[in-house]
Amino acid sequence: MSRRLPAPGNVRWGMLVALLLAWELVPKTGLLPELFLPALSSTLKVMVQDWRIYSAAMLVTLYEIVLSMVIACGGGIAAGALVGGLARLRDLLLPVFSSLYAVPLVILYPVFTAWFGVGPESKIAFAGIYAFFPVMLSTAAGIRTIDPQFLLAARSMGATLTQQITRVIIPASLPTVFAGLRLGGALAIIGVVVSEMLTAAAGIGYLVTLNRTILDSPRVFAALLLILILSVAYYMMARSIERRMVVWQSAGRSPKAARQDGGAGVPVSAAA
Amino acid sequence: MAQLNATAGMPAPAAQEAAIEVAQLSHVYAGAQGAVPALQDISIRVDAGRFVVIVGPSGCGKTSLLMMLAGLRAQSEGSILCLGRSIHDPDPKRVGVIFQEASLYPWLTALDNIEFPLSLRGAPREERRARALSMLRLVGLDGFGERYPHELSGGMKQRVSIARGLVQDPPVLLMDEPFAALDEQTRMTMGHELLRIWSMTSKTVVFITHSLTEAVYLADEVLVMSARPGRIIDRIEVTLPRPRTFEMMATDVFGQMRDRIWQQIRKSA
């Protein structure tokens with residue numbers, strides 16, 4: 001019993017407990033000044049004290065995140081399906097989108113505040129666009145990698161075009177779409193928090209900036225802790241939905257793409 | 001059960017009903033350097049209930065031909081009659097197609113995969129389940145219905161594919177190198193299984209393969225195609241009795257027929 005290696009889950013919990021202990025003990029013992037690292041207990045204390053402020057800020061942030069996720073995920077999946085599904089559109093747009101993906105979009109944020117003001121609208125617009133591209137690109141990639149044999153088999157079984165989309169294309173692209181949603185949601189959170197930290201009058205990111213300027217470290221860390229909890233909660237939720245929806249993904253997708261009859265047998269590819 | 005082969009490999013009587021009739025079929029596709037002739041002047045007659053195997057070098061267009069028989073692809077010229085009527089679009093009531101294992105849907109269980117064609121035309125749930133279960137039994141996979149494809153071996157997946165092709169009870173089955181992805185032993189077992197299932201269902205089968213041994217072992221009749229543009233260059237009546245046994249592979253007759261196919265393919269390539 002005592003010689004057996006502990007389960008990875010227990011080790012992870014142990015690490016978390018150790019981290020929280022260190023957070024409490026390092027400033028308390030004077031290893032680091034409380035200005036740099038306020039103790040866990042002082043952080044939690046201000047969080048409880050100011051719970052009205054924090055929950056109000058959290059509501060603003062959540063509202064912005066939800067709306068930007070709707071833009072990013074809804075628009076990203078729709079656009080990705082179009083770009084991935086239509087060869088002509090794909091050849092035209094995919095190189096453009098892929099290169100745009102490399103641009104640090106945060107440079108556009110000042111423009112967004114000029115257009116949409118310092119309220120939630122500019123955060124929603126910025127985070128929505130920031131998260132849009134990865135969702136779109138992964139959806140497009142997911143639809144492109146669908147094994148052509150899946151569709152051929154469906155047609156041979158008499159599937160209509162609508163049935164091919166709902167019964168084959170959508171389930172077959174679920175794994176990549178989910179990966180995109182997970183990434184897109186995380187990026188929407190980042191986008192909202194970063195833009196709140198830059199220019200804002202409300203939200204959890206705003207509380208970070210505000211308290212930092214007045215050197216109120218416990219209140220900065222309380223806000224950081226809430227953002228951390230939010231991101232981890234989102235990730236775990238997305239993961240668990242994904243696992244439930246895509247039971248078959250764990251084993252990987254079939255690597256044997258259509259090995260067709262050499263070259264001559266595939267006039268379709270010449271047309272594509 | 002096996003009454004349709006009571007005549008054990010004798011040539012089919014001429015008056016027998018044709019399941020498939022292909023007349024002067026040609027196909028040309030647009031390649032990068034202009035028109036490429038893929039299939040040339042193909043005429044085939046497959047009598048009902050026969051097992052016909054098409055062999056030929058890679059790229060000879062045999063998969064294209066099968067896709068055309070299935071109504072999945074249009075030919076440039078010529079006609080295809082299936083059970084007396086021409087075929088333009090997929091018609092699962094007349095023709096079932098069995099692909100390689102990769103065409104099973106990984107997000108569906110074995111049973112749901114088999115039910116898939118029935119659910120496409122909105123068959124009632126109980127009927128679907130009952131028919132899928134009986135197909136599962138037919139292919140020897142009782143008790144594996146709730147497994148996902150990734151939880152099945154290659155041979156089991158192919159059994160599910162066959163069950164899916166049979167579930168609508170089409171009189172004609174087209175099989176596109178269904179066992180190509182399997183290892184040699186599984187492949188031979190599956191060939192044997194297929195013959196067992198075929199003898200119980202009296203289907204007309206058109207089967208494509210690269211394997212000459214498989215061709216002779218399975219077929220009533222082997223059609224040999226040339227390299228591109230694909231033409232039918234030989235037609236070999238396999239006179240081995242049914243049911244076929246693995247021992248037959250060691251006989252002289254078997255070897256001679258396999259050699260003849262090999263010579264034809266070599267000459268054309």
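In chain A, helix α5 (residues 109-116) packs against α6(A) at an angle of about 135°, and their axes lie 8 Å apart. Because angles under 35 degrees count as roughly parallel, over 145 as roughly antiparallel, 65 to 115 as roughly perpendicular and the rest as oblique, α5(A) is oblique to α6(A). The contact brings together Tyr109(A), Phe112(A), Thr113(A) and Phe116(A) of α5(A) with Glu121(A), Ser122(A), Ala125(A) and Phe126(A) of α6(A), two residues being in contact if their C-beta atoms, placed from the backbone, lie within 7 Å.

This is a predicted model, in which local features need pLDDT of at least 70 and side-chain atom pairs count only at pLDDT 80 or more, while totals for chains, interfaces and linings use all residues. Residues are numbered from 1 along each chain as its sequence is written, and chains are lettered from A and ligands numbered from 1 in the order in which they are written.

Helices are DSSP runs (H or I, at least four residues), numbered from the N terminus, and axes are lines fitted to C-alpha atoms over the stretch in contact, with angles running from 0 to 180 degrees between N-to-C directions. A second pair in chain A is formed by helix α3 (residues 51-85) and helix α8 (residues 161-198), which are likewise oblique to each other.

| Pair | Angle | Axis distance |
|---|---|---|
| α5(A) and α6(A) | about 135° | 8 Å |
| α3(A) and α8(A) | roughly 140° | within 9 Å |

Among the residues in the contact of α3(A) with α8(A) are Ile65(A), Met69(A) and Ala72(A) of α3(A), and Leu181(A), Gly184(A) and Ala188(A) of α8(A).

Gly142(A) has its place in helix α6 of chain A. This residue is buried, with 23 other C-beta atoms within 10 Å (the cut-off for buried is 20 or more, for exposed 12 or fewer, with partly exposed in between). Leaving out residues up to four places away in sequence, Gly142(A) touches Gly84(A), Ser173(A), Pro175(A), Thr176(A) and Val177(A).

Apart from neighbours within four places in sequence, Leu174(B) is in contact with Leu66(B), Leu69(B), Ala70(B), Val95(B), Val97(B) and Val206(B).

Methods: Helices (H or I, at least four residues) and strands (E, at least two) are DSSP runs, numbered from the N terminus.
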